[in-house]
Amino acid sequence: MKKLKTTFFIIAALFFAACNGDDGVDGRDGKDAETGTVIEIKGNFVAPDYFMYYELANAGVKVYNGDAVLVYVLWEVKDGNDVWRLLPQTVYFNDGELQYNYTYTLKKVEIFMEGTTTLSALPKSYLNDQVFRIVVMPAVLAEDTKTDLTNYSAVMNVMDANSIKINNITLEK
C-alpha cells in the first residue's frame, strides 16, 4: 500500500509539473515596443470657419485603423503645471455656449469651435494662441480599457512618456 501511495504521488507530481497555463499578457519589449506620438500645435481660430487642421504626415506620423487619435487642449496652468483636457470641452456664457471639438481621418486632424454664442464676439483669449496636443495612441495600447483617456497623464504613462519627443508646431492661418 505504501508503495502504491508513493507511485501515485510521483505520477501526480509529474502530471502537474507538465501542465501549462496561460502565460498572461505579454509585456512591452523595450526598443521595439510601440509608444505613440504626441504633436503640440499652437494656433488661432479665425472667422468665418473657426478651425485649424494639421496634416499628420507633416510630423511623419502614420495612423492605422484601430489607433486612437485624441486631442487635448491646454485648459490652464495651475501652480506651474499644465492642465490638459480631452476634447470636446464646453464653455458656458450668458448668451450661449462654445465648444472646442475635433474630427480626424488617418491623414489629418481638424480642431474647431462651434456653439450657440456669437463666435466673433468672443474675447481673444478663446480664439488666439490656443495650444492643443494631438496624441496618436497605437491600437495595441488603446485596447487597454483600464486607461482613463480623459486623463492626459494616464495616457502618457501608458505610452511611456519618457520615450516620446513632443513635436511643437505653430500653425499659420
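**Notebook: contacts, sheets and rings**

I began with contacts, meaning heavy atoms within 4.5 Å. Of the contacts in the chain with a separation of 6 or more, 62% are between residues 24 or more positions apart.

**Ground rules.** I am working on a predicted model, where local features need pLDDT of at least 70, side-chain atom pairs count only at pLDDT 80 or more, and totals for chains, interfaces and linings use all residues. Residues are numbered from 1 along each chain as its sequence is written, and side-chain values use heavy atoms, with hydrogens and water left out.

**Whole chain.** I looked up the secondary structure and found three helices and nine strands. Helices (H or I, at least four residues) and strands (E, at least two) are DSSP runs, numbered from the N terminus. Along the sequence I read α-β-β-β-β-β-β-β-β-α-α-β. The chain has 173 residues, and 34% of them are buried. Buried is under 20% relative accessible area, exposed is over 50%, and partly exposed is in between (1.4 Å probe, protein chains only). The chain exposes about 11,400 Å², and carbon and sulfur atoms supply 51% of that. The areas come from the Shrake-Rupley method with a 1.4 Å probe; for residues, only the protein chains shown count as cover.

**Five-stranded sheet.** Next I traced an open sheet with the order β4-β3-β8-β1-β9 and mixed pairing. Two strands pair if DSSP finds at least two bridges between them. I marked β4 (81-86) and β9 (166-170) as the edge strands, since each pairs on one side only. Neighbouring strands here are turned by 30 degrees against each other on average, direction ignored. Axes are lines fitted to C-alpha atoms, for helices over the stretch in contact, and angles run from 0 to 180 degrees between N-to-C directions. I then checked β1 against β9: they run parallel and are joined by five bridges. K42 stands opposite T170 in β9.

**Four-stranded sheet.** I found a second open sheet, antiparallel, in the order β2-β7-β6-β5. Its edge strands are β2 (51-55) and β5 (89-93), each pairing on one side only. Inside it, β6 (residues 96-104) and β7 (residues 108-115) pair in the antiparallel sense over seven bridges. I noted T103 opposite E110 in β7.

**I41.** I picked a residue in β1 (residues 37-43). Is I41 buried or exposed? I41 counts as buried, because its relative accessibility is 1%. Beyond residues up to four places away in sequence, I41 touches M52, Y54, I111, Q130, V131, F132, I134, I169 and L171. I also took one C-alpha distance: I41 and Y53, twelve residues apart along the chain, are separated by 9.5 Å.

**R133.** I moved to β8 (residues 130-137), which holds R133. With a relative accessible area of 12%, R133 is buried. Which side chains make polar contacts with the side chain of R133? I found E40, at 2.7 Å. Y152 is joined to R133 at 2.7 Å as well. A polar contact is a pair of N or O atoms within 3.5 Å; within protein, one must be able to donate a hydrogen and the other to accept it, and residues adjacent in sequence count only if both atoms are side-chain atoms. Leaving aside neighbours within four places in sequence, I list V38, I39, E40, L70, V71, Y72, W84, Y152 and I166 as contacts of R133.

**Rings.** Rings of Phe, Tyr and Trp (its six-membered ring) pair if their centres lie within 6.5 Å; planes under 30 degrees apart count as stacked, over 60 as edge-to-face and the rest as tilted. I counted nine aromatic pairs by this rule. F45 and Y100 have ring centres 5.9 Å apart and planes at 45 degrees, so this pair is tilted. F45 lies in the loop between β1 and β2 and Y100 in strand β6, so the pair ties together parts 55 residues apart in sequence. F45 is buried, at 2% relative accessible area. Y100 is also buried, at 2% relative accessibility. The rings of F45 and F132 have centres 6.0 Å apart and planes at 90 degrees, so I call that pair edge-to-face. It links F45 in the loop between β1 and β2 to F132 in strand β8, 87 residues apart. F132 is buried, with a relative accessible area of 0%. Last entry: ring pairs link F45, W75, Y100 and F132 into a cluster.
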